Amino acid sequence: MKTSIADDIPLLSGPVQLSHSIIRTFVRNGDRVVDATCGNGNDTCLLAELVGPQGTVWAFDIQKTALEETSVRLAALGLEKRVQLVHTGHEFMYEYVVPTVSAVVFNLGYLPGGDRSIITRPDTTLRALDQSLQLLSPGGILAVTVYSGHAGGAHEKSSVFTWAAALPQQAFHSWRMGQVNTPANAPSFILIQKAV
Ligand SMILES: C[S@@+](CC[C@H](N)C(=O)[O-])C[C@H]1O[C@@H](n2cnc3c(N)ncnc32)[C@H](O)[C@@H]1O
């Protein structure tokens, strides 16, 4: 898929593109990272490419079909050895992930092309976000794409924004981003960096 007008110019046409651009800046060869919402594997594949053969990606999803789809995509790219696909909720990531990690990526909401009633939910999302901050290395990032257009999405968005705004300023650089020329319920983006 063409993502830029020139190979070296990333397009910032939405939060996912913004997220990927930032992930590319922060994730290095050999890193450990987490995809907290594996879904169809777009973020997992990017992370697996960036961590290289010595790195590790943990990718969580509660839907087996999502992990199976991602497994096929990873195998096609020859990246499957770098990824541990975990069929459980991201609220249990602390039991699986070896600290520390340079990035944790969330893409909230429902699986595109899947069952729209299976969504991320504020209580488990906030538990997973708390664990993510514990797992991050100094300078590491937490990237969260947030959707508010589906049922339950607005509540989750306000929960995540409130959580991010309450983080201690000395410990975390907490950013809220959204396109100002799109509808109010367009997706938005939270970026948190653990202070060094
Ligand atoms: C918007 S999709 C993710 C898209 C994905 N990043 C991609 O690149 O295709 C959200 C995913 O979160 C998953 N999900 C919902 N609740 C979850 C939980 N508690 N833990 C992990 N994944 C969850 C859903 O099954 C769904 O696949």
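Visitor: At what angle do helix α1 and helix α2 pack, and how far apart are their axes?

Guide: Some ground rules come before the numbers. The model is predicted, so local features need pLDDT of at least 70 and side-chain atom pairs count only at pLDDT 80 or more, while totals for chains, interfaces and linings use all residues. Residues are numbered from 1 along each chain as its sequence is written, and side-chain values use heavy atoms, with hydrogens and water left out. Helices (H or I, at least four residues) and strands (E, at least two) are DSSP runs, numbered from the N terminus. Axes are lines fitted to C-alpha atoms, for helices over the stretch in contact, and angles run from 0 to 180 degrees between N-to-C directions. Here, α1 (residues 15-26) and α2 (residues 42-51) pack at about 20 degrees, with axes 10 Å apart. That makes α1 roughly parallel to α2. Angles under 35 degrees count as roughly parallel, over 145 as roughly antiparallel, 65 to 115 as roughly perpendicular and the rest as oblique.

Visitor: Is the crossing of α1 and α2 left-handed or right-handed?

Guide: A crossing is left-handed if the near helix is turned anticlockwise from the far one by less than a right angle, and right-handed if clockwise. The α1 and α2 crossing is right-handed.

Visitor: Which residues in α1 and α2 meet?

Guide: Contact means heavy atoms within 4.5 Å. From α1 come His 20, Ile 23 and Arg 24; they meet Asn 42, Asp 43, Leu 46, Leu 47, Glu 49 and Leu 50 of α2. By class, this contact has 4 nonpolar, 2 polar and 3 charged residues. Ala, Val, Leu, Ile, Met, Phe, Trp, Tyr, Cys and Pro count as nonpolar, Asp, Glu, Lys and Arg as charged, and the others, Gly among them, as polar.

Visitor: At what angle do α4 and α5 pack?

Guide: Helix α4 (residues 122-135) packs on α5 (residues 153-165) at about 30 degrees, with axes 10 Å apart. That makes α4 roughly parallel to α5. Their crossing is right-handed.

Visitor: How many residues surround the ligand?

Guide: The ligand has 22 residues around it, and the closest are Asn 40, Asp 43, Asp 61, Gln 63 and His 90. Near means a heavy atom within 4 Å.
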